[in-house]
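Here's a quick briefing to read alongside the structure. Keep the picture open and find each piece as you go.

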Amino acid sequence: MVESMFRPLGWSPLGLSKSLAVVVIMAALITGGCATRPDPREDPEAYAEYVEINDPLEPFNRAVFEFNRAFDTMLLKPLAIFYRDILPPPLTRGINNTLNNLRSPVIFFNDLLQGRPDRAGTTLARFMINSTLGVGGVHDAATNLGWERHEADFGQTLAVWGLGEGPFLMLPILGPSNPRDAVGLGVDSAVLDPLGFINIAVSDPDTAIKVFNYARTGTYAVDRRSQVIDALDDLERTSLDFYAALRSAVRQSRRSFIEEGRQAPVSPTPLAP
Amino acid sequence: MRFPHVVVATVFAAFSLVSLALPSSAMASTLAAGAQEFIQSIADETVGVLQDDALQIEDRTQKLGSLFNRHFAVEDIARFVLGRHWRSASEAERSNYVDLFRDFIVFGYAQRFGDFAGEQLRVRGASPVDESTAIVNSEIVRSRQQGNIRVDWRVVETNGTFQIHDVVVEGVSMAQTQRSDFAATIRQRGSVAGLNQALQQKVNQLREQLGIRS
């Protein structure tokens, strides 16, 4: 399963969950008195559009977006281009596989929480195969054996449980999101991810763990960004208002990802005769 | 021997009933099959244009552009993308907008569309939405590591001719995204005339990037 082209950057903010909480609170504080709400009786269509866009924090979000773009231009994108175009493909493939393998527990728990034992089984099988046969996850042996990878996260789980996304939210560095998925990101990185959990739960974690987590978070960010270089360039090139186009594209992409989680469990198919 | 009219009429009625009842499913599957064939033929045609090494960038863009114009329902898409603002726009603004939208889409997407269809596009199947619309499912085949990209085409049949009304890549609809984009632009610039200005700038910019003189 391909990583969705416009999926928010949403890498695991290991060790960043405190700042995340600050951002969410900040956003909540600024909520009042932004983007004017049209009167539903006077102009029902304008009102419908307002509801659909669902971005009461737009001025704040746009400011954060500008900050993110500066950060992206100066640091993240150059690193992503270096990673994609300069580093030898076998190396980046190994890195990508390792990062994916490290994410397995998060995917596994979310599969279970979504009531998808079939998908959880696949994730578990992949983790066992790749951690052993794949030499600690460097090699994705499971895909070659027919166990295809899928993603899952806690924002998706909350959606499957019936929680709405809430208003659009542009998170600093982390990119386009919404309150539900921002909470999901925090839960994924601090609770469902064993390494992240150790980092948070232990009062004085080992320096090695800390360093490892920072390195992993940074690499994850670059790896994810490298996968959407063309898609984002394309969207920017073919849009008049990049922010508005991105907001729409990310939402649609996210909805389609959530649909994937909502689908009924697939009963194991008998082997073809 | 002559059949009484009643018999003829009954037989005729029975046949029409059969042909009417046979149908919705048979007709729908004909529609879906036709739509699927249509997308496949476009993919083949595009690969032909892209593999023609003799073509200069201008000719290639022009060929892709004409392919695009023929197979995409540009006017219908333009109208959908403008949404509620279509009604408030004047006749002149509308026609100006549709012309600009056509250029915008050709210069902005012809290249990408070429990239899409030029890679290995595997048409997987199609399903009818209503009596004239079908969704054709396809995917761009990439390496196992990269994973395939899901591309769905919204195809509408009018008088036996198929046209594309939307392209949905990994769940992201081109028309829907543009609709949001344009609505935001109209909100900022205050009018459809303002949107047309922005479109004109964009078209010039895209033309320049492609190295095409206007």
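**Two hairpins, one sheet**

In chain B, strand 4 and strand 5 make a hairpin that leaves 2 residues between them, and Glu170(B) in the turn has a positive phi of about 50 degrees. Keep in mind that this is a predicted model.

- Quick background: strands of a sheet pair through backbone hydrogen bonds, and they can do so either parallel or antiparallel.
- Here, 5 strands of chain B form an open sheet in the order 1-2-3-4-5, with antiparallel pairing.
- At the edges sit strand 1 (121–128) and strand 5 (172–173) of chain B, each of which pairs on one side only.

**One hairpin back**

- Strand 3 (residues 149–158) and strand 4 (residues 161–169) of chain B run antiparallel and are joined by 8 bridges.

**The nonpolar cores**

- The largest nonpolar core has 55 residues, and Ala35(B), Ile39(B), Val136(B) and Val155(B) are the ones with the most contacts inside it.
- Helix 6 (residues 91–118) of chain B supplies the largest share of this core, with 7 residues.
- Another core, of 13 residues, lies apart from it; among its members are Phe108(A), Phe109(A), Val160(A) and Ala190(A).
- Which residues does Ile39(B) touch, leaving out those up to four places away in sequence? They are Val123(B), Val136(B), Ser138(B), Trp153(B) and Val155(B).

**A helix pair in chain A**

- Helix 5 (residues 104–113) and helix 6 (residues 117–132) of chain A have axes that come within 8 Å and cross at roughly 160 degrees.
- Therefore helix 5 of chain A and helix 6 of chain A count as roughly antiparallel to each other, since that label goes to angles over 145.
- Their crossing is left-handed.
- On the helix 5 side of chain A, the contact includes Ser104(A), Ile107(A) and Phe108(A), while helix 6 of chain A brings residues including Arg119(A), Ala120(A) and Phe127(A).

How values were computed:
Residues numbered from 1 in each chain as written. Chains lettered and ligands numbered in written order. Predicted model: local features only at pLDDT ≥ 70, side-chain atom pairs only at ≥ 80, totals over all residues. Pairing = 2+ DSSP bridges. Helix = DSSP H or I, 4+ residues; strand = E, 2+ residues; numbered from the N terminus. Core = buried A, V, L, I, M, F, W, Y, C linked by C-beta atoms within 7 Å. Buried ≥ 20, exposed ≤ 12 C-beta atoms within 10 Å, placed from the backbone. Contact = placed C-beta atoms within 7 Å. Axes fitted to C-alpha atoms, helices over the stretch in contact; angles between N-to-C directions. Parallel < 35°, antiparallel > 145°, perpendicular 65-115°, else oblique. Left-handed = near helix turned anticlockwise from the far one by under 90°.
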